[in-house]
Amino acid sequence: MATHSTAEATSKHLETLKKRKAWRALQAHYKGVRSVHLRTLFAGDPKRGERMTAEAAGIFLDYSKNRVTDETIKLLVQLAEESGLRPRMEAMFGGEKINVTENRAVLHVALRAPKGASILVDGENVVPQVHAVLDRMEDFSKRIRTGEWKGHTGKRIRNVINIGIGGSDLGPVMAYEALKHYSDRGLNLRFVSNVDGTDFAEAVEGLDPSETLFIVSSKTFTTLETMTNAHAARAWLLAGLGGDEKSIARHFVAVSTNAAEVAKFGIDTANMFGFWDWVGGRYSMDSAIGLSTMAAVGAENFRAMLDGFHQMDEHFRATPFERNLPVLMGLLGVWYSDFFGAETVAVLPYEQYLKRFPAYLQQLTMESNGKHVTLEGAEVSYATGPIYWGEPGTNGQHSFYQLIHQGTRLIPCDFIAFAKPLKPLGRHHDMLMANVFAQTEALAFGKTSEQVKAEGTPEWLAPHRVFEGNRPSNTILADRLTPEVLGKLVALYEHSVFTQGVIWQINSFDQWGVELGKVLAQRIVPELESAAEPALSHDSSTNSLIRRYRNLKE
Ligand code: F6P
């Protein structure tokens with residue numbers, strides 16, 4: 001149940017989205033804007049590309065290549081206001097239990113609050129607890145990085161393997177890849193998530209158990225995949241170290257909110273790093289779930305990342321909506337999803353180190369906003385969270401960009417790029433950046449039939465070579481991919497997701513949609529494993545697939 005004040009903050013805004021004045025005005029406005037070409041918008045306003053930009057904490061957003069006018073932005077901002085974005089923001093930052101279906105506060109912003117800040121949950125300031133865990137993480141990572149922490153046989157730890165899934169994996173993997181430039185290359189970081197045994201087998205391939213430390217990361221410490229892999233790791237370690245149970249303490253640490261389950265597994269709770277129920281899995285990379293990140297890049301870099309998150313939090317909380325980066329990006333997403341009917345968003349980082357950023361964003365955006373009922377449990381009558389996908393540039397250009405340029409679907413794109421490369425190499429970076437600018441230009445302005453024909457293209461070939469353009473994109477530009485900038489980027493998307501969730505009146509912080517499959521799988525496991533032919537009572541397709549599998553498996 002919602003707390004009294006949350007209910008008050010929201011109830012006023014829970015009339016149907018489609019009845020809002022701004023929504024209705026946007027519907028009318030859309031009719032006038034939908035066929036206006038970006039060529040026309042730019043031709044009519046020579047300063048558009050300078051004007052339709054916003055900057056905060058060193059992140060520059062050019063949103064001029066979107067199919068919007070000043071009026072669109074005005075109405076979208078009005079929609080955010082009518083939807084109660086401001087009070088909802090304050091409810092989140094104030095520790096109210098806005099995750100009503102789980103009766104939890106949503107306080108990832110507390111994970112990066114500076115020492116001395118005060119954020120109350122049930123009357124208790126949680127910031128000192130956050131910093132106490134950070135200090136313990138720092139102490140632990142230092143011991144790993146300096147070699148002071150020894151394995152059971154006295155050898156230095158050379159390999160750190162994070163076992164986790166979803167938010168307990170995607171954030172750590174993404175951050176490790178993103179910050180590899182800053183990492184200690186003497187430490188070999190690997191990640192295991194999938195219950196497919198191949199994932200574990202490949203992660204430990206070639207490793208010496210006496211030099212390997214496992215971080216079992218699981219908020220609940222009950223997740224099937226993670227616990228299965230953690231038990232495999234335990235067996236692998238014991239087999240390699242002569243079966244001595246005492247070795248577990250030197251080779252396993254846990255990150256969890258569930259001390260009882262951690263102890264049951266056999267990990268000393270002195271080697272457990274905690275977090276809290278008010279940290280959602282997909283919002284947890286800056287909690288102790290980031291232990292592997294800290295081990296890889298060191299505490300100073302990790303804290304710089306937290307500072308970046310915090311700077312974006314402050315910007316989100318304090319800046320008027322029309323200049324607020326997460327709000328603008330969130331609103332543009334609503335504009336394309338609900339008015340243009342766009343079904344997906346492509347995220348295209350032109351930075352190889354961000355190669356796992358789209359995968360990370362998939363959980364953040366889709367587990368958050370893939371909902372079909374409102375906070376009050378009513379069926380929505382509009383589209384909610386779009387599908388997020390992407391690959392780093394320029395690889396995507398030689399693969400799926402064809403469809404973005406000339407296909408029949410509208411795919412808004414986020415281009416992410418940096419002025420300075422981390423690995424300067426000849427002319428590479430100018431070439432990379434030329435491609436960013438070229439792609440957004442080509443998408444927006446295309447190439448007309450007249451232009452194509454003027455190049456001497458035969459009449460019959462011309463239609464194939466025409467680019468209709470008018471394909472929208474954001475360009476996000478920052479100086480260089482530092483830990484601080486990574487924090488800002490992630491927070492930018494977190495708050496953009498929040499903005500959209502508020503407009504759509506959904507709970508962006510639960511994930512009931514993952515439950516059914518989990519429960520059914522638990523029921524099916526014994527049916528696959530039983531020696532005797534099980535009596536199956538599924539539908540005919542599931543029954544026969546199970547029978548076929550049983551016949552085929554060894
Ligand atoms: O996929 C569902 C989910 O609950 C995610 O939200 C979460 O990140 C993941 O499983 C892992 O959960 P845990 O950290 O509890 O193992």
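The largest pocket is lined by 36 residues. Nearest its centre lie Thr 220, Thr 223, Gln 511, Val 514 and Lys 518. This is a predicted model: local features need pLDDT of at least 70, side-chain atom pairs count only at pLDDT 80 or more, and totals for chains, interfaces and linings use all residues. Residues are numbered from 1 along each chain as its sequence is written, and side-chain values use heavy atoms, with hydrogens and water left out.

Terms, quickly. The grid is 1 Å, over the protein atoms alone. A pocket is an open set of points with protein on both sides within 12 Å along at least five of seven lines. In a cavity, a 1.4 Å probe fits but cannot get out. Lining residues have an atom within 4 Å of a point. Volume is the space filled by probe spheres set on the points, which are joined across faces, edges and corners.

Back to the largest pocket: about 1000 Å³. α22 gives the most to its lining, four residues. Helices are DSSP runs (H or I, at least four residues), numbered from the N terminus.

Next, the second largest pocket, at about 410 Å³. It has 18 lining residues; the closest to its centre are Glu 351, Gln 352, Lys 423, His 429 and Leu 432. Helix α18, residues 428–445, supplies the largest share, four.

Now the cavities. There are four of 30 Å³ or more.

Key: Helix = DSSP H or I, 4+ residues; strand = E, 2+ residues; numbered from the N terminus.
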